[in-house]
Amino acid sequence: DTGVSQDPRHKITKRGQNVTFRCDPISEHNRLYWYRQTLGQGPEFLTYFQNEAQLEKSRLLSDRFSAERPKGSFSTLEIQRTEQGDSAMYLCASSHSRGAGTDTQYFGPGTRLTVL
Amino acid sequence: GESVGLHLPTLSVQEGDNSIINCAYSNSASDYFIWYKQESGKGPQFIIDIRSNMDKRQGQRVTVLLNKTVKHLSLQIAATQPGDSAVYFCAENIGSSNTGKLIFGQGTTLQVKP
């Protein structure tokens with residue numbers, strides 16, 4: 001399978017714990033995006049990378065959230081001191097940007113986070 | 001503010017009929033639009049996209065129509081099949097800003113009755 005992969009698929013944690021999710025984009029895709037989706041809602045943009053540079057962050061990304069893409073390939077999203085309001089599906093998407101216009105984003109299966 | 005919305009939360013159709021899912025957007029600067037299909041427990045799956053310099057684009061059994069005058073987008077699915085049952089999202093992007101951010105609507109649930 002050469003699509004976007006995410007790990008883990010499900011994560012249950014207790015309030016106050018730290019969690020880290022991983023995303024592996026489609027090979028050679030230079031852009032990588034993180035979104036959050038709560039039940040019954042559309043995905044909400046969190047942040048995106050072009051290669052290893054983090055180019056935009058949403059206001060939704062509080063100080064407890066940090067994302068990295070150190071080598072321009074896979075990315076990690078860490079949430080520190082989790083709160084019950086962090087419970088959601090965390091989606092990763094990737095695209096191949098040629099520098100002009102908008103590129104098609106392909107999504108992974110998501111990581112379902114439940115904070116108890 | 002920016003928003004992308006859908007007119008109906010649930011659409012129920014008979015197998016074999018055509019489906020039309022509608023979407024309204026508010027940002028006139030948006031110039032790229034995508035339809036995604038999301039099945040339960042899965043990530044959104046790309047269906048079809050359209051840029052603002054077009055008003056119609058066709059794929060396999062799907063057609064997207066864009067009316068920039070009234071800021072309306074629709075997805076037509078021909079000969080709807082049970083496998084089409086899912087939540088459908090429209091999303092918009094301001095391509096000229098060269099940001100990858102997509103703004104999604106809330107989704108329409110399509111139910112296909114056998």
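Biologist: What makes the meeting of B:K101 and A:E56 a salt bridge?

Modeller: The rule asks for a side-chain nitrogen of Lys or Arg within 4 Å of a carboxyl oxygen of Asp or Glu. For B:K101 and A:E56 the N to O distance is 3.4 Å, so the pair passes. The count between chain B and chain A is one salt bridge. Keep in mind that this is a predicted model, where local features need pLDDT of at least 70, side-chain atom pairs count only at pLDDT 80 or more, and totals for chains, interfaces and linings use all residues. Residues are numbered from 1 along each chain as its sequence is written, chains are lettered from A and ligands numbered from 1 in the order in which they are written, and side-chain values use heavy atoms, with hydrogens and water left out.

Biologist: Which strands of chain B supply residues to the side that touches chain A?

Modeller: β4 (32-38), β5 (45-51) and β9 each give at least two residues; strands here are DSSP runs of E, at least two residues, numbered from the N terminus. That side of chain B splits into seven nonpolar, 10 polar and four charged residues. With contact meaning heavy atoms within 4.5 Å, 21 residues of chain B and 23 residues of chain A take part.

Biologist: How do you know that A:C23 and A:C92 form a disulfide?

Modeller: A disulfide is a pair of cysteine sulfur atoms within 2.5 Å. The sulfurs of A:C23 and A:C92 sit 1.8 Å apart, so they qualify. A:C23 is in strand β3 (residues 19-24) and A:C92 in strand β9 (residues 88-95) of chain A, 69 residues apart.

Biologist: Why is A:C23 called buried?

Modeller: Buried means under 20% relative accessible area, exposed over 50%, partly exposed in between (1.4 Å probe, protein chains only). A:C23 comes out at 0%, so it counts as buried. A:C92 is buried too, with 0%.

Biologist: Why is the link of B:C23 and B:C90 called right-handed?

Modeller: The torsion about its S-S bond is about 55°, so it is right-handed. The link of A:C23 and A:C92, with -70° about the S-S bond, is left-handed.

Terms used. Helix = DSSP H or I, 4+ residues; strand = E, 2+ residues; numbered from the N terminus. Nonpolar A, V, L, I, M, F, W, Y, C, P; charged D, E, K, R; others polar.
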